[in-house]
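Hi everyone, thanks for coming.

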Amino acid sequence: MRVLVTGSSGQIGTNLGLRLQRDGHDVFGVDKRLNTWTDEFRYLLQDLSGNYPSFPGGIGGVEYPEVDLVVHLAAHAKVHQLVRQPHRALENAVMTFNVLEHCRQQKLPIVFSSSREVYGDVHRFAEEEASEASADFAYTESTYSASKIAGEALIYSYARCYGLRYLVFRFSNVYGRFDNDLARMVRVLPLFIHTMLRDEPVTVFGPEKTLDFTYVDDCIAGIASGVEALAEGRVVNETINLAYGEGNTLTHAAELIAAELGVEPKITLAPSLLGEVTHYVADLSKARQLLDYEPRVPLEEGIPRAVAWFKEHRSVHPEEDGPLPADALFPQDAEIGWKPSSSIPAS
């Protein structure tokens, strides 16, 4: 197949592009920034969030090569950044609209990257896992989750109005290879690794916060299966969780990282931040049934792999061992009401 991947310079996009090529597919990427990880597939530098007119060949007057399927990963994905800068949530919706218009005009199926954030915190005190049918959009926790909900709504409307064929994948805390570009995207596990390597304390916002961490190879295996199933018409117009299916606290994750690094963890505990989901464990029944999806890497195995990748990369790029970006520290911003959420107890 010929596959167009938006957001092809990010962690998931880069891993997916390389995997699809290994599977024999032709990959063409679109991203607004250079891919610093690989040059093994072609890509176009373009910001997809512009208000572009509709036209047949590509987005924004740029002619794309002919493809058979689109994987739309491009998005502003920092939850806390979108709380502080809500206009980026609107840009996420605009990106999705532009990509959908391209798919509509070219009659292309689409794989859309959504998030477990769409479930909100309705499962904060529940023991059951979160199935795809249990998302309650009335409990939207942040502008980021609202942008993903809006993206899903656009997908479903295009399916009903224009016959769009789609798969929606809801990801959960993907970590591992190509996730440690802290100057651009601050993810919690590489943030912990970076901080502990510097012998500095890490802050856990929400001591009992329970999340479903997904090693990147498991996530990519699920997407790759979905791409082929959608292209062949075996699985069409479905919304599917992709995760590991097991909850772990952030404190436990930090302790695993410390043990792998051979350091004594210095952990500071703080309340959950505004807009955060504090409890999520995915129900993988649908992924198993439709895609034969079976995650293989629990956190206890994924953390050593992630630490090994981080250390290998840092040995080649020692210049990255510096102070964290300002927004990694989640500073309070009184002007926009940004503050840790003390009214919502951690689960």
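Two quick notes on the source. This is a predicted model, where local features need pLDDT of at least 70 and side-chain atom pairs count only at pLDDT 80 or more, while totals for chains, interfaces and linings use all residues. Residues are numbered from 1 along each chain as its sequence is written, and side-chain values use heavy atoms, with hydrogens and water left out.

Now, the rings. Rings of Phe, Tyr and Trp (its six-membered ring) pair if their centres lie within 6.5 Å; planes under 30 degrees apart count as stacked, over 60 as edge-to-face and the rest as tilted. How many aromatic pairs does the structure hold? There are ten. One of them is Y119 with Y280: the ring centres are 5.4 Å apart and the planes sit at 25 degrees, so this pair is stacked. Y119 is in the loop between β5 (110-115) and α4 (143-162), and Y280 is in the loop between β13 (267-270) and α8 (285-291), so the pair ties together parts 161 residues apart in sequence. A note on those labels: helices (H or I, at least four residues) and strands (E, at least two) are DSSP runs, numbered from the N terminus.

Are these two tyrosines buried or exposed? Y119 is buried at 0% relative accessible area, and Y280 is buried at 1%.

Back to W309, then. Its ring and that of F178 have centres 5.3 Å apart and planes at 90 degrees, so this pair is edge-to-face. F178 belongs to the loop between β7 (174-175) and α5 (188-197), W309 belongs to helix α9 (residues 299-316), and the two are 131 residues apart. F178 is buried as well, with 9% relative accessibility.

R170 has its charged end over the ring of Y119, 5.0 Å from the centre. Likewise, R305 lies over the face of Y215, 5.3 Å from the ring centre.

What does β6 pair with? Strands pair if DSSP finds at least two bridges between them. β6 runs parallel to β5 over six bridges, and five bridges join β6 to the parallel strand β11 (residues 238-242). Look at V168: F112 stands opposite it, and its bridge partner in β11 is T239.

Last, the cysteines. A disulfide is a pair of cysteine sulfur atoms within 2.5 Å, and by this rule the count is zero. C103 is buried at 1% relative accessibility, whereas C161 is exposed at 57%.

Methods. Buried < 20%, exposed > 50% of the residue type's maximum accessible area, 1.4 Å probe, protein only. Lys NZ or Arg CZ within 6 Å of the ring centre and 35° of its normal.
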